[in-house]
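Biologist: Hi! Could you walk me through this model when you have a minute?

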Amino acid sequence: MKVLKAVAPASLIRFEKISKTYQMGEILVHALREVDFEVKLGEMVAIMGASGSGKSTMLNLLGTLDRPTSGHYFLEDEPIENLDEYELSALRNRKIGFVFQSFNLLPRDNALENVELPMIYAGQSTTARRKKAERALERVGLADRMDHLPNQLSGGQQQRVSIARAIVNEPRMLLADEPTGALDSATTQQVMELFCELHKQGMTVILVTHDPSIAEYAERVVRFKDGVIQSDETKGKHAEDSDRARVRDVSERNSAG
Ligand SMILES: Nc1ncnc2c1ncn2[C@@H]1O[C@H](COP(=O)(O)OP(=O)(O)OP(=O)(O)O)[C@@H](O)[C@H]1O
Ligand SMILES: [Mg+2]
């Protein structure tokens with residue numbers, strides 16, 4: 001008898017007609033309008049668009065930090081709208097890593113302690129925690145900076161600590177809002193290479209950026225305008241499509257021949 005293998009979910013993330021509206025006194029602000037969006041496991045996506053177009057709102061919803069006004073969010077094919085706050089934060093802690101422009105490190109904790117933080121919430125033993133935090137810091141190239149406080153680290157190093165913190169629970173996806181916004185260009189390149197490396201190792205990466213040269217690192221670029229997706233382009237997609245068309249051409253000719 002054949003045994004059915006467990007199949008990986010087709011999509012990691014699926015948004016169906018997601019809207020987010022903010023009430024500001026008398027005025028309704030439509031930050032997102034009926035957005036359909038899907039991300040497959042292992043993709044690297046850049047989200048671009050003008051200031052106020054809805055990028056951070058999108059990222060916060062993707063990260064379950066905020067709830068949509070309407071629409072449906074499926075994470076690994078499971079709807080998440082029925083989860084309560086406790087279930088949601090447990091899911092977030094396990095499956096999603098966050099990186100912010102301003103690093104958000106605790107100033108009185110050294111690099112190692114900052115990276116251990118998500119595991120304290122996850123309730124792991126002290127030794128297990130320490131080992132995993134050390135490994136995460138090694139992965140981001142900071143093995144020799146573990147006992148430095150944030151203010152004893154450069155901007156790029158601080159961002160690498162925050163990336164180590166984001167990956168320490170081995171989440172499925174990494175969400176980053178303007179992760180290089182506070183860095184100079186040389187440091188930006190190092191941090192982007194780190195994201196690419198993690199992506200190569202199988203991590204799904206979604207990052208918001210204003211900077212076209214940052215978006216270059218991603219294979220897919222999604223552009224927002226006034227709360228809707230204006231374009232969604234995958235690099236090499238045209239080449240692939242025309243390859244497929246050529247194959248079809250040849251096979252049609254053969255069968256006609
Ligand atoms: N908490 C809030 N309350 C009211 N309006 C909000 C709130 N958060 C965002 N908005 C509005 O929603 C819209 C989208 O905001 P969002 O922060 O997603 O933009 P963004 O694309 O990230 O912009 P930026 O590039 O400047 O960071 C904006 O018009 C903003 O003013
Ligand atoms: Mg923003």
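This is a predicted model: local features need pLDDT of at least 70, side-chain atom pairs count only at pLDDT 80 or more; totals for chains, interfaces and linings use all residues.

Biologist: Thanks! How many helices and strands does the chain have?

Modeller: There are eight helices and ten strands, taken as DSSP runs (helices H or I, at least four residues; strands E, at least two) numbered from the N terminus.

Biologist: And what share of the residues is buried?

Modeller: Of the 257 residues, 34% count as buried. Buried here is 20 or more other C-beta atoms within 10 Å of a residue's own, exposed is 12 or fewer, and partly exposed lies in between, with C-beta atoms placed from the backbone.

Biologist: Let's do strands. Which residues of β7 face each side?

Modeller: M173, L175 and D177 lie on one side and L174 and A176 on the other, all of them buried. Five of the five residues of β7 (173–177) are buried, so the strand is largely enclosed by the rest of the structure.

Biologist: What does β7 pair with, and how many bridges are there?

Modeller: β6 (residues 96–100) runs parallel to β7 and is joined to it by five bridges, with G97 opposite L174. β8 (residues 204–208) also pairs with β7 in the parallel sense over five bridges, and there L207 is the bridge partner of A176. Pairing requires at least two DSSP bridges between two strands.

Biologist: Which strands make up the open sheet?

Modeller: Four strands in the order β2-β1-β4-β5, with antiparallel pairing. The edges are β2 (27–39) and β5 (78–79), each pairing on one side only. Two bridges join β4 (residues 70–75) to β5, and F74 has P79 as its bridge partner in β5.

Biologist: Which helix packs on that sheet?

Modeller: Helix α1 (residues 55–62), which touches β1 (13–24), β2 and β4; its direction makes about 120° with that of β1. Axes are lines fitted to C-alpha atoms, for helices over the stretch in contact, and angles run from 0 to 180 degrees between N-to-C directions. A contact is a pair of residues whose C-beta atoms, placed from the backbone, lie within 7 Å.

Biologist: Now helix pairs. At what angle do α5 and α6 cross?

Modeller: Roughly 20°, with the axes of α5 (residues 155–167) and α6 (residues 185–200) coming within 9 Å. The two are therefore roughly parallel to each other; angles under 35 degrees count as roughly parallel, over 145 as roughly antiparallel, 65 to 115 as roughly perpendicular and the rest as oblique. Residues making the contact include I163 and I167 of α5 and V191, L194 and L198 of α6.

Biologist: How about α3 and α4?

Modeller: The axes of α3 (residues 111–121) and α4 (residues 126–139) come within 9 Å too, crossing at roughly 115°. Among the residues that meet are V115 and M119 in α3 and A133 and L137 in α4.

Biologist: Last one: is L105 buried or exposed?

Modeller: L105 is buried, with 23 other C-beta atoms within 10 Å. L105 sits in the loop between β6 and α3 and, not counting residues up to four places away in sequence, touches N114, P150, Q158, V161 and S162.

How values were computed
Residues are numbered from 1 along each chain as its sequence is written. Chains are lettered from A and ligands numbered from 1 in the order in which they are written. Two residues are in contact if their C-beta atoms, placed from the backbone, lie within 7 Å.
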